[in-house]
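Reader: I am new to reading protein models. Can we go through this one step by step?

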Amino acid sequence: KYADAEADQRERWEDELTAAIEAEYRRQRAEYAAGLQAWLRDVWLGTLGATEQLNFLPALRDASAAVAARLQPAEARTNLETWERTQRLLHTNAQEALVLEVGLLQLRL
């Protein structure tokens with residue numbers, strides 16, 4: 001866009017843009033991860049019979065109840081703990097794709 005800008009200035013702008021894109025990606029990833037955690041919490045509460053406390057998305061209430069009916073409370077709690085551990089690992093230098101794959105595959109749904 002700025003052809004007359006010096007090369008080092010363009011490089012700084014590119015670095016800033018790359019950092020902004022990465023920050024937005026991490027923000028969205030954290031938002032989705034938190035959403036899954038809230039849903040897993042609702043599933044766990046459903047296994048405990050606390051269906052009146054399910055407060056995630058009303059559109060997912062039936063899905064939460066259906067998954068809760070298939071699980072024991074200990075399994076649902078393990079799911080929640082597994083996902084919390086996965087989220088913690090995402091803040092380390094571990095390979096993101098591998099962390100997500102392993103974390104999601106460990107969930108019992």
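Author: Start with the secondary structure. This predicted model has four helices and zero strands. Along the sequence the pattern reads α-α-α-α.

Reader: What makes the protein more spread out than a compact globule?

Author: Set its radius of gyration against the globule rule. The rule gives 13 Å for 109 residues, and the protein has 20 Å. That is well over the rule, so the protein is more spread out than a compact globule. The box filled by its C-alpha atoms is roughly 65 × 30 × 15 Å along the principal axes.

Reader: How much of the protein counts as buried?

Author: Buried means under 20% relative accessible area. Of the 109 residues, 26% count as buried. The protein exposes about 7,800 Å², and carbon and sulfur atoms supply 56% of that area.

Reader: Why is P58 called exposed?

Author: The cut-off for exposed is over 50% relative accessible area. P58 has 65%, so P58 is exposed. Its place is in the loop between α1 (7–47) and α2 (61–70).

Reader: How far is P58 from D42 in sequence and in space?

Author: In sequence, P58 and D42 are 16 residues apart. In space, their C-alpha atoms are 11 Å apart.

Reader: What share of the contacts between residues at least 6 apart in sequence join residues at least 24 apart?

Author: The share is 57%.

Reader: And how far apart are the mean positions of the positive and negative charges?

Author: The protein has 13 positive and 18 negative charges. Their mean positions are 7 Å apart.

Methods: Residues numbered from 1 in each chain as written. Predicted model: local features only at pLDDT ≥ 70, side-chain atom pairs only at ≥ 80, totals over all residues. Heavy atoms only, no water. Helix = DSSP H or I, 4+ residues; strand = E, 2+ residues; numbered from the N terminus. Rg over C-alpha atoms; globule rule 2.2 N^0.38 Å. Buried < 20%, exposed > 50% of the residue type's maximum accessible area, 1.4 Å probe, protein only. Contact = heavy atoms within 4.5 Å. Areas by Shrake-Rupley, 256 points an atom, 1.4 Å probe, with all protein chains shown as cover. Lys, Arg positive; Asp, Glu negative; His and termini not counted. Charge placed at Lys NZ, Arg CZ, Asp CG, Glu CD.
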